[in-house]
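I opened my notebook to look up a few places in this structure, one at a time. Here is what I wrote down as I went.

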Amino acid sequence: NTFVTEKKKTELYQELGLQARDLRFQHLMSIATRNNRIIMRMEFLKAVITPEFLLILDYRNLNLEHWLFNELASQLAGEGQLVTYSLPFEFRAIEAILQYRISKLQGRLNTLQPQILETLEALVDPKLLSVDRSKLHILLQNGKSLSELETDLKVFKETILEILDEEELIEELCLSKWTDPQVFEESTSGIDHAEEMELLLENYYRQAEDLANEARELRVLIDDSESIIFINLDSHRNVMMRLNLQLTMGTFSLSLFGLIGVAFGMNLESSLEEDPRIFWLVTGIMFLGSGLIWRRLLSFLGRHLEPPLPPHVPAVLKKSQPAAGRVELKNNLKAETFGLSRSTLTNQ
């Protein structure tokens, strides 16, 4: 049975036997017991569980109508896919809330993952000479959302782990074990509710751990893609710098032999200007000299920009035959290099 009611806060905590601070809205995650009541805070979702009913506080502000009236009722009645249908009511209530929280986290991850992958695929394309700033802005927003998701998963895991580390807290969550004598007798005869509660919490802790691993893989992928983007940008920047340097060398070569043309352009009389072939001779010398100088400068640039060859490493380490489970590596370097005539490394 599902019903909606409105009560004052003072009446509500007096009716439940709780303190005012227990019903205070705090945007954090915690699972605690007070006076045979379970108080669950899942950030904005806050619930009070008793052996008879589940109370969701202020659901209208959270847009929970669909979950409350279409999914939660069937889950508490044992008609859903929950595995706690044969256990007391508080087991089904705890699992329903944990499942709702995990499904929300899973939905956030499923929304972020394709967006991040699509953005990274567009950014790491080596054909692009520049980076699209709109894509970077989208990646920045998605990275921020991913960080928030990782924080929520971490808090969720820590909240459950605090209970798993304390056996008394697990016992306190089994409300029907202490209120219903018949349930207590059944638990002593073979059904250990504390172990069932521990398995329930471990199940959702494992699901949160899987989501955290997927989010961590996305984070590593973003970091690796950023390195690739920086490498591509550096490569394109080096190409532009090399082109600029080549053009500067060409301009220097033309300017150097252009001095000949400057000398002939000073309107000074000489016997050379009377020869009709001197113009083509001087022009040819200028272009030929400029081309040769530019070629020599480019060869000089190529020699200094090529990556150095790796140094030759002499084969000084010789592996001997293994004997009695040991492998000996003998180094026959000269004494003047390391101050030793021979060093033996023995690995058991």
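**Arg 295.** I looked up Arg 295 and found 62% relative accessibility, so Arg 295 counts as exposed. My cut-offs here are under 20% relative accessible area for buried, over 50% for exposed and partly exposed in between, with a 1.4 Å probe and protein chains only. Arg 295 sits in helix α9, which covers residues 278-305. Helices (H or I, at least four residues) and strands (E, at least two) are DSSP runs, numbered from the N terminus. I also checked Arg 295 against Gln 246: they are 49 residues apart in sequence and 9.9 Å apart in space, C-alpha to C-alpha.

**A note on the model.** I am reading a predicted model, where local features need pLDDT of at least 70 and side-chain atom pairs count only at pLDDT 80 or more, while totals for chains, interfaces and linings use all residues. Residues are numbered from 1 along each chain as its sequence is written, and side-chain values use heavy atoms, with hydrogens and water left out.

**The whole chain.** I noted 10 helices and 7 strands in the protein chain. Of its 348 residues, 31% count as buried. The chain exposes about 23,600 Å², and carbon and sulfur atoms supply 56% of that. These areas come from the Shrake-Rupley method with a 1.4 Å probe; for residues, only the protein chains shown count as cover. Then I looked at contacts, meaning heavy atoms within 4.5 Å. Among contacts with a separation of 6 or more, 55% join residues 24 or more positions apart.

**Helix α1.** Which residues of α1 are buried? In this helix (residues 9-16) I found Leu 12, Tyr 13 and Leu 16. Their arc around the axis is only 90°, which puts them on the same side of α1. The arc is taken from the directions from the helix axis to the C-beta atoms. I kept a general rule beside this: an α-helix has 3.6 residues a turn, so residues three or four places apart point the same way. What covers the buried residues of α1? The cover includes β2 (37-42), β3 (45-49) and β4 (54-56). On the face turned away from the buried side I found the exposed residues Gln 14 and Glu 15. Just after α1, Gly 17 has a positive phi of about 75°.

**Salt bridges.** I counted a salt bridge when a side-chain nitrogen of Lys or Arg is within 4 Å of a carboxyl oxygen of Asp or Glu. That rule gives 4 salt bridges. One of them joins the side chains of Glu 15 and Lys 7, at 2.3 Å from N to O. Lys 7 has 43% relative accessibility, so Lys 7 counts as partly exposed.

Another pairs Arg 108 with Asp 152, with the closest N and O atoms 2.7 Å apart. Arg 108 is in helix α3 (residues 89-123) and Asp 152 in helix α4 (residues 133-164), so the pair ties together parts that are 44 residues apart in sequence.

Glu 150 is partly exposed, with a relative accessible area of 26%.

**Asn 36.** I found Asn 36 in the loop between β1 (29-34) and β2. At 27% relative accessibility, Asn 36 counts as partly exposed. How far apart are Asn 36 and Leu 175 in sequence and in space? They are 139 residues apart in sequence and 6.2 Å apart in space, C-alpha to C-alpha.

The unreviewed UniProt entry lists residues 194-228 as "coiled-coil region". Its positions follow the numbering used here, feature names are shortened, and annotations may be inferred rather than shown by experiment. In the model, residues 194-228 are 100% helix and 0% strand, and their end C-alpha atoms lie 51 Å apart. The unreviewed entry also gives "transmembrane region" for residues 247-266 and 278-294. I checked residues 278-294 and found 100% helix and 0% strand, with the end C-alpha atoms 24 Å apart.
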